[in-house]
Amino acid sequence: MSVRPITVKVGTITTADGSSTVRVGHTTVICGIKAEIATPVLRNPNQGFIVPNVELYPCCSHMFKIGPPGEKAMATSQFLKNVISSAKVLDLTDLCIVHNKLAWCLYCDVVCINYDGNLYDAALIALMAALQNVKLPAVSYDEENDKASVDIERTLPITLKARPVASTFTVYSDSIQLMDPTAEDETQGSGEVTVVLLENGSLCTTHKPGGQLILPNILDTFVDLAKQRVHAVNTLIGKEINE
Amino acid sequence: MHICYSSSKMAKHACQLNFLSRSDGSALYSIGNTVALASVNGPGEVKKSNRHYNRSHLEVCYSPSTGQSMIGERTLESVILHTVEQVILVHLHPRTATNVTIQEMQSDGLALSTSVNATCLALLDAGVQMKSPFAAVTCCLTPSGTIIIEPTEAELKESEALATFVFDGQALNVLSAHQEGCLDSENFYACLRKCQTAAKDVLNFYRRIMEEKYSSDKSYN
């Protein structure tokens, strides 16, 4: 099965703490990450936050209207949140600055500017690339005066514990499945299946919301194809980060 | 009105059909301590903006037991909508709408599978034409490697990963799949097989309920 070419560029938004622009064929997704200081919740006093949010504006496709986030945007946001927590991409305790007082909150805004299918894959690649581009400034906390001061000059990247990669397939019938569907494939097909794998080949998330019935052995084929994609995508992101 | 209980191999399933008198079909379904009430109305009137020339418009509304409906509930609605869309014969009723409303009564971790099963029985109770019934089964993987079918909230907290599968009634093929947490390939397939076997019991349970509903020695009003 053939897939569309992927282009990744990091650091495209200079005002954000981390950013990336990803193209999967014609689907273009931008991710911008802003780090803000917040108070940890009482239940987890040593954990920071990571908040992914996906926006689909009318500019990217005629399918989306102006107004509150629609179903696709919410489903993609929840998908990203699910992948981050399932794969344990970040150790949230790494985002804590001072126990019970200060922690980093990473607001990740993923915006699609051109929708040509396969949003899940593109959004996850963009999010992972942007996370690897984030540089958090050093924070010093003065206990006596209860004041935090941020030193913008000294910045450290965050360590990612896992690099999940998503692969989406459209199922047409029992015998026809397509990998990396375009928008036209999605409208003509009978449902998508997304499989997210980690670098070691284990399944991090499977997302199949309804759609054509599939036999379990077809899932097998998808997982095998997804394994090849994991390596290709992570090498591409790694190359971009190092430049 | 009647209540049926399933066999004791899995968590106790119980169901009461036609729970609401004003809906076309309704089902109060529970798996262990998770209880969901599904109500189906339709096919019926549709707004002009939702009118499709060749099919019925489907809407799913999920209300949690506490708090406001947020993004988690919206995704649950989306999953149930796409599952149900595949099974209902929507092309038989053009320019109509079918509403499914699910109210979570009690939560013990199995919200998705209880809601899906309640929806299936509510659709059967309403008499909406479907290709086949569908059954959802949730399982979780503990750190020690055991797979538990239909875990409680406490068991879910301790588990490493959970997976929910929805199977169709004819060939037990996978209709929907939702997974959280990491599973390697062999654990994933082991979960899938176990859930497939459990789904047979759920489908038998549906059959018993429907048989009781239509049994001739009961006067059904």
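A: The count comes to one cavity of 30 Å³ or more. Here a cavity is a set of points, on a 1 Å grid over the protein atoms alone, where a 1.4 Å probe fits but cannot get out. Grid points are joined across faces, edges and corners, and a volume is the space filled by probe spheres set on the points. The largest cavity holds about 40 Å³ of space.

This is a predicted model, in which local features need pLDDT of at least 70, side-chain atom pairs count only at pLDDT 80 or more, and totals for chains, interfaces and linings use all residues. Residues are numbered from 1 along each chain as its sequence is written, chains are lettered from A and ligands numbered from 1 in the order in which they are written, and side-chain values use heavy atoms, with hydrogens and water left out.

The lining residues, which have an atom within 4 Å of a point, are A:K208, B:V79, B:L112, B:V116, B:T164, B:V166, B:S176, B:A177 and B:H178. Helix 2 (111-126), strand 9 (161-168) and strand 10 (174-180) of chain B are the elements that give two or more residues to this lining. Helices (H or I, at least four residues) and strands (E, at least two) are DSSP runs, numbered from the N terminus. Strand 10 of chain B gives the most, with three residues. By type, the lining divides into five nonpolar, three polar and one charged residue. Ala, Val, Leu, Ile, Met, Phe, Trp, Tyr, Cys and Pro count as nonpolar, Asp, Glu, Lys and Arg as charged, and the others, Gly among them, as polar.

Next, strand 9 of chain B. Seven of its eight residues are buried, so strand 9 of chain B is largely enclosed by the rest of the structure. Buried means under 20% relative accessible area, exposed over 50%, and partly exposed in between (1.4 Å probe, protein chains only). On pairing, two strands pair if DSSP finds at least two bridges between them. Strand 9 of chain B runs antiparallel to strand 7 (residues 134-141) of chain B, and eight bridges join the two. Within that pair, B:F165 in strand 9 is the bridge partner of B:V137. Strand 9 of chain B is also antiparallel to strand 10 of chain B, with six bridges, and B:L162 stands opposite B:E180 in strand 10. Strands 9 and 10 of chain B form a hairpin with five residues between them, and B:L172 in the turn has a positive phi of about 55 degrees.

B:V79, listed in the lining, is among the buried residues of helix 1 of chain B. Twelve of the 17 residues of this helix are buried.

From chain A, A:K208 is in the lining. Strand 12 (residues 203-208) of chain A pairs with strand 11 of chain A in the antiparallel sense over four bridges. A:V196 stands opposite A:T205 in strand 12. Strands 11 and 12 of chain A form a hairpin with five residues between them, where A:G201 in the turn has a positive phi of about 90 degrees. Five of the six residues of strand 11 (residues 192-197) of chain A are buried, so strand 11 is largely enclosed by the rest of the structure.

Definitions and conventions
On a 1 Å grid over the protein atoms alone, a cavity is a set of points where a 1.4 Å probe fits but cannot get out, and a pocket is an open set with protein on both sides within 12 Å along at least five of seven lines; lining residues have an atom within 4 Å of a point.
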